[in-house]
Amino acid sequence: MTPVSLIVVGAGDRGTQHARWALQHPDRATVVAVAEPREVRRDRFAAAHGIGPENAVSDWKELASRDRIADAVLICTLDRDHVEPAEAFAALGYHILLEKPMALDEESCRRIVEAVERAGVMLAVGHVLRYTPYTRALKRILDSGQLGEVVSVQHLEPVGYWHQAHSYVRGNWRRTDEATSMLMAKSCHDLDWLQYVIGERPSRVSSFGRLSHFTRANRPSGAADRCLDCPVEDSCVYSAKRFYGGMLERREHVWPLAVVVDDFTPDILEQALRTGPYGRCVYACDNDVVDHQVVAMEFPGGATANFTMTAFTEGGSRRTRVFGTRGELTGDGETIRIFDFLTDTEESVDIAGLGGMNAADGHGGGDAGLMDAFVSAVASGEPTLITSGPRDSLASHLAVLAAERSRLNGTVETVGT
């Protein structure tokens with residue numbers, strides 16, 4: 001079959017990661033154009049994919065002004081910049097893979113759904129957790145009835161102390177007014193995943209959470225505004241000098257270091273930490289998103305779920321416990337343990353390792369799984385191969401928005417449809 005042709009809009013970490021799949025599967029997909037405003041990243045991406053200068057542009061609108069030149073587009077811009085390109089490329093007949101979150105408010109989410117449905121094109125939202133081998137195995141167990149009726153679920157997202165500092169204190173997602181809530185930016189994956197594995201959309205939610213630690217009130221005595229100038233840096237858990245410098249020394253030229261610098265040299269890193277956002281003291285930033293939050297969910301069939309997001313962990317895979325009427329399941333992204341009430345026996349299922357559950361490691365095979373499903377759907381014209389389609393993704397985004405309203409207002413919120 002002719003490879004599916006792709007445009008990439010946004011050659012940052014996510015766009016580059018998704019497009020790498022095409023390099024690994026040239027018989028199935030090829031990237032023919034890229035739009036990226038940063039020249040260094042645009043040129044590097046174009047060179048990797050053999051894209052000529054006429055199709056390596058700074059503004060996606062230039063590609064959207066032409067006749068259709070590809071089968072599909074991967075939209076991997078910043079979260080707040082999803083709606084306009086999604087509408088434009090849908091109208092041109094492109095199938096769309098859209099990074100999560102699909103948009104930041106209900107009106108914008110609905111605009112995207114309406115645009116793709118009106119154009120008759122496929123949409124896959126980047127909820128990569130749905131596409132991991134681990135998730136497929138866990139869902140098969142739940143759907144088989146082995147646990148009986150699912151009554152309740154506990155789910156933990158251990159963000160990681162370093163990831164919180166990088167992305168949500170110093171980074172692009174630190175402020176609600178400039179980006180979005182922590183729940184939408186990070187944990188829309190998790191509320192979507194719970195909806196998927198339980199097999200229902202939540203009907204009511206409540207939530208609590210706050211920014212507790214990364215504030216000026218917790219700044220160590222004598223701390224400077226930047227880690228490179230700080231006399232107490234060597235005793236600080238969140239030292240940017242130690243974290244990013246350690247990655248550079250180990251030649252780990254991937255996320256999150258790749259977000260901080262474009263060229264991996266000590267001088268470039270020092271300059272970035274001295275002048276850029278990632279060298280700031282975590283207790284002297286302008287962040288306002290929460291560093292811990294809980295969400296309680298009720299489903300129409302009577303099941304309940306509680307979700308915890310916290311910065312204050314080592315990191316690693318999500319951890320889940322599912323309580324059914326015939327058994328209990330415990331999972332950590334790599335192994336599933338099932339305890340059967342009737343036989344008092346335990347069964348373990350090991351999942352083939354496909355990398356860690358973070359962006360640098362491909363989300364445990366979820367990044368590859370998403371691309372595989374999307375490209376297969378476009379090649380075959382079969383939208384059911386996409387499990388994170390427009391209506392399911394809209395439902396999980398509405399749950400996130402309702403949960404954040406609950407946290408801010410102290411209410412129990414009904415989730416819209």
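**Close-up views of the predicted model**

**View 1. Aspartate 344 sits in the loop between strand S13 (335–340) and strand S14 (345–350).** Helices (H or I, at least four residues) and strands (E, at least two) are DSSP runs, numbered from the N terminus. The model is predicted: local features need pLDDT of at least 70, side-chain atom pairs count only at pLDDT 80 or more, and totals for chains, interfaces and linings use all residues. Residues are numbered from 1 along each chain as its sequence is written, and side-chain values use heavy atoms, with hydrogens and water left out. Although not a glycine, aspartate 344 has a positive phi of about 55°. Its relative accessible area is 57%, so aspartate 344 is exposed (buried is under 20% relative accessible area, exposed over 50%, partly exposed in between; 1.4 Å probe, protein chains only).

**View 2. The loop between H10 and H11 holds arginine 251.** This residue other than glycine also has a positive phi, near 60°. Arginine 251 counts as exposed because its relative accessibility is 66%. Proline 256 lies in the loop between helix H10 (240–249) and helix H11 (257–260). The peptide bond leading from tryptophan 255 to proline 256 is cis, and its omega is near 5°.

**View 3. Lysine 100 and proline 101 are joined by a cis peptide bond.** Omega for this bond is about -10°. Proline 101 belongs to the loop between S5 and H5.

**View 4. An open sheet is formed by six strands with parallel pairing.** The strand order is S3-S2-S1-S4-S5-S6. Strands count as paired if DSSP finds at least two bridges between them. Strand S5 (residues 95–98) runs parallel to S6, and three bridges join the two. Opposite isoleucine 96 stands leucine 123 in S6. Helix H2 (residues 39–49) packs on the sheet and touches strand S1 (4–9), strand S2 (29–35) and S3, with a direction at about 155° to that of S2. H4 also packs on the sheet, touching S1, strand S4 (72–75) and S5; the directions of H4 and S4 make about 180°. Contact means heavy atoms within 4.5 Å.

**View 5. Helix H4 (residues 83–91) packs with helix H5 (residues 106–119) at an angle of about 10°.** The two axes are 8 Å apart (lines fitted to C-alpha atoms, for helices over the stretch in contact; angles run from 0 to 180 degrees between N-to-C directions). H4 and H5 are therefore roughly parallel to each other, a label for angles under 35 degrees. H4 contributes Val83, Ala86, Glu87, Ala90 and Ala91 to the contact, and H5 contributes Ser108, Arg111, Ile112, Ala115, Val116 and Ala119.

**View 6. Valine 116 is in helix H5.** Valine 116 counts as buried because its relative accessibility is 1%. Not counting residues up to four places away in sequence, valine 116 touches Ala90, Ile96, Val121, Leu123 and Pro390. Between valine 116 and aspartate 192 the C-alpha to C-alpha distance is 20 Å, and the two are 76 residues apart in sequence.

**View 7. Leucine 329 is among the residues with the most contacts inside the largest nonpolar core.** Leaving aside neighbours within four places in sequence, leucine 329 is in contact with residues including Leu138, Ile141, Val322 and Ile336.

Notes: Parallel < 35°, antiparallel > 145°, perpendicular 65-115°, else oblique. Core = buried A, V, L, I, M, F, W, Y, C linked by side-chain atoms within 4.5 Å.
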